[in-house]
Amino acid sequence: MANGGQQGGQRGGWPERLGPEGGRPARAGLSETILTFLERGVSLVVSSSDRANRPRVGRALAVQVPADAAWIGVCLDRTANAALLAAVAETGRIALAATEPSTHLSIQLIGEDATVTAADAEAAALAARHVDAFAAELALIGYGDAFTRALMAHDPATLAVVRFCPSRLYDQTPGPKAGSAVPP
């Protein structure tokens, strides 16, 4: 739905806009609906602040959600996001905003227990797949592949993964429910 999830002028709560829950057990305390959304070609923006409360923001390359883990991981280029990663390491605070550009469907996840870890080959492969999916998503709204590849350029050797357990979720889709809490 290219109009932010609206149908006939009515807008349901965030999870309803993605369809019914599949009934499978949640990973990282999140429903499969939310996890599926995070794992497709969405825009991923991460933010934090340091101890002096200076904001730091960066573009993430992928979300990693292992089948048996209680955490999610966000893949970031270490070089491009040095200040952001330092702030996360210092405070443990993180916010992840995920937006589907073609619909503006958006969700924000907040964590207070974030840790910065080294990325492995699996995270690098995941980042490459997510960049491909994001390129396909942006193509739907007229952005060329060269633009997306430049925006998402990174060196797989400099990746980091920020792991956290989401403690709060918010609907950030533009409209009357923006900012409302979303059940995990």
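**Entry 1: S43**

I looked up the side chain of S43 and found a polar contact with the side chain of R59, at 3.0 Å. I count a polar contact when a pair of N or O atoms lies within 3.5 Å; within protein, one must be able to donate a hydrogen and the other to accept it, and residues adjacent in sequence count only if both atoms are side-chain atoms. The model is predicted: local features need pLDDT of at least 70, side-chain atom pairs count only at pLDDT 80 or more, and totals for chains, interfaces and linings use all residues. Residues are numbered from 1 along each chain as its sequence is written, and side-chain values use heavy atoms, with hydrogens and water left out.

I placed S43 in strand β1, residues 43-49. Helices (H or I, at least four residues) and strands (E, at least two) are DSSP runs, numbered from the N terminus. S43 has 13% relative accessibility and counts as buried. The classes are buried under 20% relative accessible area, exposed over 50%, and partly exposed in between, with a 1.4 Å probe and protein chains only.

I then listed the contacts of S43, leaving aside neighbours within four places in sequence: R59, A97, A98, T99, P101 and F134. Contact here means heavy atoms within 4.5 Å.

**Entry 2**

I checked the pairing of β1 with β2 and found an antiparallel arrangement joined by five bridges. Two strands pair if DSSP finds at least two bridges between them. I noted two of the bridge partners in β2: R59 for V45, and G58 for V46.

I looked at N53, which lies in the loop between β1 and β2. Its phi is near 65°, a positive value in a residue other than glycine. N53 counts as exposed, at 56% relative accessibility.

**Entry 3: the open sheet**

I traced the sheet that holds β1 and wrote down five strands in the order β2-β1-β5-β6-β9, open, with antiparallel pairing. β2 and β9 (168-171) stand at the edges with a single partner strand each, so one side of each has no neighbour in the sheet. The twist averages 20° from one strand to the next; the axes are lines fitted to C-alpha atoms, for helices over the stretch in contact, and angles run from 0 to 180 degrees between N-to-C directions.

**Entry 4: the loop between β5 and β6**

I looked at two residues here. T103 lies in the loop between β5 and β6 and is buried, with a relative accessible area of 9%. The side chain of T103 reaches the backbone nitrogen of L105 at 3.1 Å.

H104 is in the loop between β5 and β6 as well. H104 has a positive phi of about 70° although it is not a glycine. Its relative accessible area is 44%, which makes H104 partly exposed.

**Entry 5: helix α1**

I asked how far helix α1 (residues 32-39) is enclosed. Six of its eight residues are buried, so α1 is largely enclosed by the rest of the structure. I listed the buried ones as E32, T33, I34, L35, F37 and L38. They pack against β3 (62-64), β5 (94-100), β6 (105-111), α3 (121-139) and β9.

**Entry 6: helix α2**

In helix α2 (residues 82-91) I found L84, L85, A87 and V88 buried. Seen down the axis of α2, these fall within an arc of 160°, so they line one face of the helix. The arc is that of the directions from the helix axis to the C-beta atoms. The buried residues of α2 pack against β1, β2 (55-59), β4 (72-77), β7 (115-118) and β8 (159-164). After α2 comes G92, with a positive phi near 75°.

**Entry 7: the whole chain**

I finished with the totals. The chain has four helices and nine strands, in the pattern α-β-β-β-β-α-β-β-β-α-α-β-β along the sequence. Of its 184 residues, 46% count as buried. Among contacts with a separation of 6 or more, 67% join residues 24 or more positions apart. The chain exposes about 8,700 Å², with carbon and sulfur atoms supplying 56% of it; accessible areas come from the Shrake-Rupley method with a 1.4 Å probe, and for residues only the protein chains shown count as cover.
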